[in-house]
Structure formats: C-alpha cells, structure tokens
Amino acid sequence: MATNHEPDVPANHNENRRTFLKQSSLLTALALVPGPVVSAAEAKLDERVAEAIEQIPLSLKVNGKKLKLKVEPRTTLLDLLRENLNLTGTKKGCDYGQCGACTVHVDGQRVNSCLSFAVMHEGQEITTIEGLADGDKLHPMQEAFVKHDGFQCGYCTPGQIMSAVACVREGHAGSEGEIREYMSGNICRCGAYTNIVAAIQDVKSGGQKV
Amino acid sequence: MNRVDGRQKVTGAAKYAAEYELPNLAYGVLVGSTITKGRLTSIDTKTAERAPGVLAVITHLNAPKAPGTKPTGKDPSQPQTVGNALQVFMDDKIRFNDQPIAVVVANTLERARFAARLVKAQYAKEKHQTNLEANKANAFLPTQAKKNPKSPAADYQRGQVDAYKTGALKLESEYVIPTEVHHPMELQAITAHWEAPDRLTLYDKTQGTMATRRDFARQWGLPEENVKVIATYVGGAFGNALHSWPHESAAIIAAKVVNRPVRLMLTREQMFTMVGYRPHTWQKIGMSATPDGKITAITHESIGQTSTYEEFVEATLGQTKMMYQSPNLTTRYRLAALDVGSPIWMRGPGEATGAFALESAMDEMAFLLNIDPMEFRLRNYTDQDPEKNRPWSSKFLKECYQAGAQRVGWNKRQLKPGALRDGEWFIGYGMGVGTFGAHRGSSKASAQLLPNGTVLLQSAVTDIGPGTGTAMTQIAADTLGLAPEKIRFEWGNSDFAQAPTQGGSAIVNTVGPAVQEACMALKDKLRELAATSNSAFTSAKKEDVAFADNYLTLSGNSTARATYADLVRQAGGTAVTVESKPSGEGQKYSMYSFSVHFAEVRVHELTGEVRVSKLVSCADAGTIINEKTAGNQMKGGAVGGIGMALMEHAIIDDRFGRYVTKDLADYHVPVQADSPAIEVFFVNQPDPYVNKLGTKGIGEIATIGVAPAIANAVFNATGKRVRELPITPDKLV
C-alpha cells in the first residue's frame, strides 16, 4: 500500500531533478495545496524533460491495427489498453495476475495483461475481446457464452472468453475436468463456472474454427 | 430467453464505472493510514505535489468540506445503521488501518500512483482492538434494539427463557465464521464529474443509483435533481455497493478541487479495508429435543463485529425464530465495536451466518437422536410462522426436500459417519436449509410506445448480475403481448423512474409489478388514444388490444387498425409512469423464500482435502421469470457457499490491526476447479400474495444454507464436526 514501502529516494529527489508547475487552468486548485509556487518557465522545461525520460516509443499491433505509440515504461499492457487506447473490454480485477480478468492474446498466447509492461511487447500482436468478433458476427465462443449464460455481471467475461478460446486452441478442452483445470486462472465471483464449462464444451464439440 | 445485455458483455462493449471516456480526465489514488487507531500529527505532501503530472494532493488539512457532511459517527438519523459513515478527510482521527488520509490526483494513473507513495504521515498511535474473541465481553445490545423492543435485533422470547438447559436430551455448541469479503471481480470504482459548480454526475459502482444520489446530494447540499448517478453495468457487488464509501467522497472532493472529472479505482488490497465485508461472528446454540425428535427449546446467541463509528446490524438470528416448531425459543443478538472499517451486508447477509450455526446444530441433534437429518427437519416442520403466528403466504419446502434428496442420492447416506468411501476418499452427504424474507417495496416504472412500434421502459434500478434487465423485458413482453425484441428496458440511471436499491432479493418482487403495471397503463392509454380517433376502438376492452408490426389491432375485428405513428403524433408522446406499492397482505401472511441445499463431499483420509463433488440446490422462490438466469443465480450462490464453507477467511494481524490477506492469492475464493456439478430445482409455484407475478426472490437463498450443507457432509464423511469456518485441511487431519 502507498505508504507502507517508502521509496528509497532522497527527500529532495524531485526538487533537484526538476520542479513542476501545473497548467494555468489549475492555479485555483494549486492555491488549495500547500507548497512553494514555481515559475512557469521552469515548469514547461521540466515537463519537456519528463516527457523525454518518461515516454518510450512503442510499435505494436492491436486487434489487427498497427499502432505507433509513446508510452511510459511503467505503464502495464493492461493500463495501456484501458487508459490510453480506450479498449476497456479488458478488465482490471487485481493487478497481480491472480484473477484473469485482464486476459488477452499476445501473439496467440493467453496472458494476463496486468503482469507485463507495455514496452515489453514491441512488435507483438495483441488481441483483445474487442478484436474477437468478425465485424457484427460474434466469435463462436462469444455466441456460446450468450447461449449458455456463461456470466452474470459480465466483468470477468472478456477474460473468460479470451482464455476459453485459447483453452480450446491449446487442446485443453478435452473433458469437463480438463476445462475446469485450465480455466482456473479466471475467477468468476458470480459463480457461473458450470455454464462457462458448458459453453466451452459446446464450442469444442461444434467443430467450428476458433 | 438469453440475457438482453449478453452481446454487450461478451464483446467488451459494456461500460463499467471506471470506463467512461470523459474529456480532461484525471486519476485519483488513495493513500491509507499505516496505523489502526490514533491521530495524524503531520502529513507531508510537498514531495508528492511536485511530482510530474500531479494536480493536487488532498488531505484533511486542505479538503473542501462538503456543506452537508455530518461528522463521522454523529448522525443518528441514518436509517439503516446507527452512527454515520466515515467522512473522508474531515479530521485527523484514524479509526482503522488503511483509512484514506489523502488522495493524490494526477493527469495519468501512473503518475498518481507514483506520487501517492511520496506522501508521508506521522501519527500519534493509540492502542487498538481488532480481535473479536478478545472483545466479546464488551459486546452490547444494538442501539436500535434498545430504542425499540420490537426491532428484529432485540432479544426475542417465546415460551421459557433458555429452556434447553433443563432438557433431557440437549446440545450446546459454539460456531464461528471469520470475516469474509465480497470481492466482486470489478474493483470498487467511480468517475466523478462536476458538470457545473452545482451539478454532479457520478459513474459509480453502486447497487442503488437513487440511494447514492441521495447521499451525495445531501453531502454537498444540492437538490437531488442536480446529482445524476449512472450505473448501467456493475461488475458484481454481492452487497459491497450498498453503502456510500470513503473513496466515493474522495473522488468527488478531488474532482471539485482540480475542476476536472476524476476516475478512482481501488486496489484489491483496499477492497479488504474500506468497502465492507461479512463480519466475523461468534454464535452459540443450545438445543433440546424429545427422544422421538421434537425440538423442545432453542437458544441462539450471536456477537458480530462492527466498527467504532457505525452499528452494523444484520438478521443473523432471523431463521432460528421461524424455521422450526420449537415451543421455547430465545435469541440474543449483540455487537462488538472494533477498530476496523464498517461491515456491510454480504450475500444472504446475516441469515447465511445464522444458518451455518442453526443448520449445523440441527445436524448435530439429528446425530444425537440417531435420526436422519431430513426426517428430523420434517418432524419439526412449520406449517405456519411460529414467530408471528401467521400463515405463510406460500411454502413448498417439503417439495424441495424431496426433490433434492432424490437428485443428490440421499438414500446412499449412512447414519454412521465414515461409512462410505472410495479408495482414499471418504464420502459424505449433508443438507442445509435457507430462508429469506420475500420483501417487496414500492417502485415506479415508465413506459412509452415509440413510433417504430417498440416500447421503451425505464427504471433507476441497477443490474449487478442477476439479469434484472432481462427479467423486466420478459415481464413487459408478457404483459404487452409483444416479442421481447420489441421491448427496450433501460436501467441504472438515477434520472429514470424511481426504484429501490438492488439488494435483499427484492428487485423482481418490487420493480417487476411496477413494470407490469406500467405496461398495463400504457395499453390503457393506447386504447384510449385509439378510441378518440378510431370508432372501432371506442368501446374496446384493453385485453382485446394487440400489437402488430406498425399498428394496434383488435381481436374480433380484423379491419380495426390504429397506427403507432398516428397515436404518438396525436398524443405528442405516449409516456406513462406508474407507481406500484405492496398491498396490505404482508400484515396477514409471513412471506419467505425457502431453499435447501444438498452436498456430496469427498474428504481425503490423509491430507484432509475436501472436494465438493455434487451440489443440489432447490428453491421455493415463487414464480421463476427466467429459468436460465435464475438457475445461473442459484448455481452462483452455491459457489459462494463453497467459498464460505471451505476457503474464505480474511485475517487481521492483531498486533498491527492490519490484514495479512491482501489479495486473491491469500484470500481464496472458489475457482473453476473448485466448482462441482451443480443441479438446480425450482418448485416454480406462484406465491399468491407477494405480488401479481407470484415471485419471492432468489439471490440470498441461493447462498443461505450451503455452508452448513457442506459442513454437515464433512461430518458425515469423517465424523469430524468443524464449527469454525472455513473447513481447511488442518481442521480435519
């Protein structure tokens, strides 16, 4: 938690590196905040320095679209998708790789997007839930989740579906037991597990290309 | 029928509270106290303020004070709990560990998160109390019970006090459930946007758009219509969003200070500390019975944990008062105030806690008597409510017993524990009964016919997952005789027709009739409109009016037509809003949903591992509107019960008053591999009195009684009676 692990930096670390000024529209807000006022000139310079240090160029493909981005090195793939690209179908449930809500495909493999930094994916191809359907035509797994009611609140659903597609492609959907094991990285707190298994089995036995 | 919002949910198009794109959005990150009780003596925000991108660091020293804010713990007018919710950044007092002491606002999430780590606080610590066991002696009667002896939390008595003590055949057992946390998959989140200095819009994870609107309008001294709360999609809640929490106030304050919309999402750690939980509860049951299996007396006592600033009360002892025919019955409900955040109702709230004790004790007594536990329950079955001495509005629990017993294979169960095994696995069977009031409140709904022949209905109600939108669409389609595709039901917006908070299994009971009546009123209105312009409709009965693609028709008159476009034009709109209220039947009948859960478990003889191999959940919940979504909800409640029985346990290190379970690796919830085959059975008989639809509610009874069914099955498998949840392997080896 925030104050539990104090960062190991000198107290004046930020002052020395740069000072910082808020945009003029925020001066009212700033007035509420104790602290020294710094000059606008310094701040603009400082922001440029921060930009240079904090922004790393990144090329990747998301849902078939080539993107050239500048991202902070500490931005996770999950936050890049949700906060920068507005692909909010990928969900944040824990930020620790424990719940599976953020599952996406990276070069065809299912991964927890909260567990890697965006800049680690240079040149890679990311598929999110928004990229699964073929236009208006739902992917067979999406169809099956609707048909078998494989969700309730819907929050874990994109991760479940991305995982389920991978589970079938990996050849891990051979039996109910195998599905349950290989889908255990995706938590559904509403408890729609039985229906999720039914959806996956339906797709698996339907023989459609996933 | 499939869910109406299924496509939105499977494509990622459904927008949750932290997913609305707003111009100039800023991010808030909370800083929590590192002590459990005391005062803030200083808080250094300078370094954080100077970090890149930081717009503001807000603490109790500089936070604008909302004009309607009542100090923490000092607002006795609060209806549901005594006291007042924690008012964030109002004073220097620390009441629980990780209490928010600052919110850092920055132009990106990463910058806000980084700067939050730079806030440094100094404290004057005081000795804290976080251990329920050590504070049982200080437990007290809730204030609401002191003020009102008829309060459900007051001591209850029928027959002789503590009569079990003089019974020839008796048992006395203590039961404990630990703190359990809702942990919906969506983290608590809010996006707060001051659209004008006196107009606030909140995209919020809440179960009640109107309750949240009321809370924050009051807090900021605004007319209610100036506050809009949008909660179209809520990523699970289970009770967690039945209260306005500190982070919501913090985001609203932050948005005010920086004059930009602010998005704030809690971390999974923060979900343990500041947004409620099922409280750690100690219970004791004394029970006596005759040798032929008639209960003569029950005493059920309970002490639940609450915070120092709010008295959280739940119906832990409710089921004991009405489930079995015991002539002597005593209950005592107490609270112990600890230095923790306030609890809040968690699925099947107090009843699930109470049912663990009661239904375990029923199993213990049946064992003492050497009677089959189902037979023992049947011998004490109640044909009318023994608490209020009134008939049930409907009760088909016996039918549930029979259906469940047959489906789980109850005939394989042996009276002697440990008698069944499969290799290294012991096999056991257990049952647990659940009940919850079939509550119905008042609600409005609006309906209008659009020129294209579709009907638009609106309600402020939320849909946290049960499928409210789908059920309401079906009710409207049935009432109007239209295909469900022609109905659009919109929900989750406080500007829509008034509806209660989603909770207490009451939504279909309450909003369903409003939708039904709005549709009937719409039909009346259309018939009247048609009557003025078309003589064929003048004396038509409303039940004869039917919908075709573009016009109304009349049965028995094939040429009568009134086109939608004409009707809408003629009237300048067709909107109707109705209010639906419960009738007085509640005074004459006792209204409850009932459930029974049967569990088959396998317990490994060497490792003590428990696997639930089969669950059968049977419900008398009145009319079932949608078997698919209702069945899903029952299965989900059963999975929640597995968590309660076998794994869920939030642990505080009392030396520091801090949770050591901080994430989903430490706090276990059931995963796919923990979920067995679950079979659901609905009696599906309408209740004649709750409402015209005949519904009684499902959400709570889906969980209530599951944990004791599993605990009883573990006893049947092993002969080991575990009275303190969760049943982890260390308790069995």
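## Basis of the model

Two strands are treated as paired if DSSP finds at least two bridges between them, and helices (H or I, at least four residues) and strands (E, at least two) are themselves DSSP runs, numbered from the N terminus. This is a predicted model, in which local features need pLDDT of at least 70 and side-chain atom pairs count only at pLDDT 80 or more, while totals for chains, interfaces and linings use all residues. Residues are numbered from 1 along each chain as its sequence is written, and chains are lettered from A and ligands numbered from 1 in the order in which they are written.

## Strand 11 of chain B and its partners

A hairpin of two residues connects strand 10 of chain B with strand 11 of chain B. Strand 10 (residues 189-196) of chain B pairs with strand 11 of chain B in the antiparallel sense over six bridges, and within this pairing B:I190 stands opposite B:D204 of strand 11. Strand 11 of chain B also runs parallel to strand 12 (residues 227-230) of chain B, to which four bridges join it, with B:T201 opposite B:K228 in strand 12 of chain B.

Strand 11 of chain B, helix 5 (residues 209-219) of chain B and strand 12 of chain B together form a right-handed β-α-β unit, where right-handed means that, with the strands pointing away from the viewer, the path from the first strand over the helix to the second runs clockwise. Five of the six residues of strand 11 (residues 199-204) of chain B are buried, a residue being buried if 20 or more other C-beta atoms, placed from the backbone, lie within 10 Å of its own, exposed if 12 or fewer do, and partly exposed in between.

## Chain B as a whole

Chain B holds 16 helices and 33 strands, and its C-alpha trace spans about 80 × 75 × 50 Å along its principal axes. The radius of gyration of chain B, 27 Å, agrees with the value near 27 Å that a compact globule of 733 residues would have; this radius is taken over C-alpha atoms, and the globule rule is 2.2 Å times the number of residues to the power 0.38. Of the 733 residues of chain B, 63% count as buried.

An automatic or database domain assignment divides chain B into domain 1 (15-127 + 187-234 + 241-273), domain 2 (137-179 + 278-438 + 588-731) and domain 3 (443-581). The C-alpha centres of domain 2 and domain 3 of chain B lie 40 Å apart, and their contact takes 18 residues from domain 2 of chain B and 14 residues from domain 3 of chain B, two residues being in contact if their C-beta atoms, placed from the backbone, lie within 7 Å.

## Where chains A and B meet

The contact between the chains takes 73 residues from chain B and 67 residues from chain A, and on the side of chain B that touches chain A, helix 15 (residues 627-646) of chain B gives the most, with nine residues.

Helix 3 (residues 109-116) of chain B is largely enclosed by the rest of the structure, because seven of its eight residues are buried, among them B:L109, B:R111 and B:F114. What covers the buried residues of helix 3 of chain B includes helix 4 (77-84) of chain A, together with elements of chain B including strand 1 (26-32) and helix 2 (46-50).
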